[in-house]
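Could you walk me through this fold?

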Amino acid sequence: MDKPAASKVINMERIREIVMECGGHKWALIPVIQKIQNEFGYIPPEAIHVIAIGLKIFPSQVQGVISFYAQFYTKPRGRQVITVCRGTACHVRGGESLLEMLENGLGIKEGETTADMEYSLETVACIGVCALAPNVVIGKEVYGKMDTQKIEQLLKKGEA
Ligand code: FES
């Protein structure tokens with residue numbers, strides 16, 4: 001997936017095209033939602049009606065699928081998504097302090113995006129590399145054995 005295009009103006013015509021490109025059938029609901037998210041970085045609320053009309057289903061069905069899957073976002077996300085692992089192994093090795101430090105440093109809480117749309121801060125239950133705990137994911141890159149100093153350096157270097 002490309003970087004989230006949070007600042008992109010929502011082009012409703014493009015959303016209609018995506019619905020049609022995916023065949024305009026109700027079984028295409030998930031591919032349509034995925035494609036819209038890939039292009040716009042999230043699913044704009046105004047897209048729900050367009051998807052529903054195009055696929056001949058109820059808007060509540062579209063909303064239901066978007067709400068069910070954690071990987072679908074209904075709000076714009078920052079260009080950089082920082083994810084702190086909240087799993088047990090990461091938690092006992094300082095994951096909570098990393099989250100706190102990031103919240104203070106970025107001036108946002110978990111689940112929020114900075115006003116300049118640069119960073120979104122998220123958490124995850126476990127990313128499956130517990131041996132490297134505590135872990136932080138920045139974009140697609142996993143940073144293991146993290147501590148507050150390393151995070152500070154990454155933020156200063158602009159890697160996060
Ligand atoms: S608990 Fe963090 S990677 Fe498993």
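Here is a short exchange about the chain and its sheet.

This is a predicted model: local features need pLDDT of at least 70, side-chain atom pairs count only at pLDDT 80 or more, and totals for chains, interfaces and linings use all residues. Residues are numbered from 1 along each chain as its sequence is written, and side-chain values use heavy atoms, with hydrogens and water left out.

Me: Which pattern does the chain follow along the sequence?
Reply: Helices (H or I, at least four residues) and strands (E, at least two) are DSSP runs, numbered from the N terminus. The chain has six helices and four strands. Read along the sequence, they give α-α-α-α-β-α-β-β-β-α.

Me: What separates the centres of domain 1 and domain 2?
Reply: The bounds, from an automatic or database domain assignment, are 12–68 for domain 1 and 80–157 for domain 2. Taken over C-alpha atoms, the separation of their centres is 31 Å.

Me: In what order do the strands of the open sheet lie?
Reply: Two strands pair if DSSP finds at least two bridges between them. β2 (119–124) and β4 (141–143) each pair on one side only, as edge strands. With mixed pairing, the order is β2-β1-β3-β4.

Me: Which residue in β3 is the bridge partner of threonine 83?
Reply: Strand β1 (residues 80–85) and strand β3 (residues 136–138) pair in the antiparallel sense, over three bridges. For threonine 83, the partner in β3 is valine 137.
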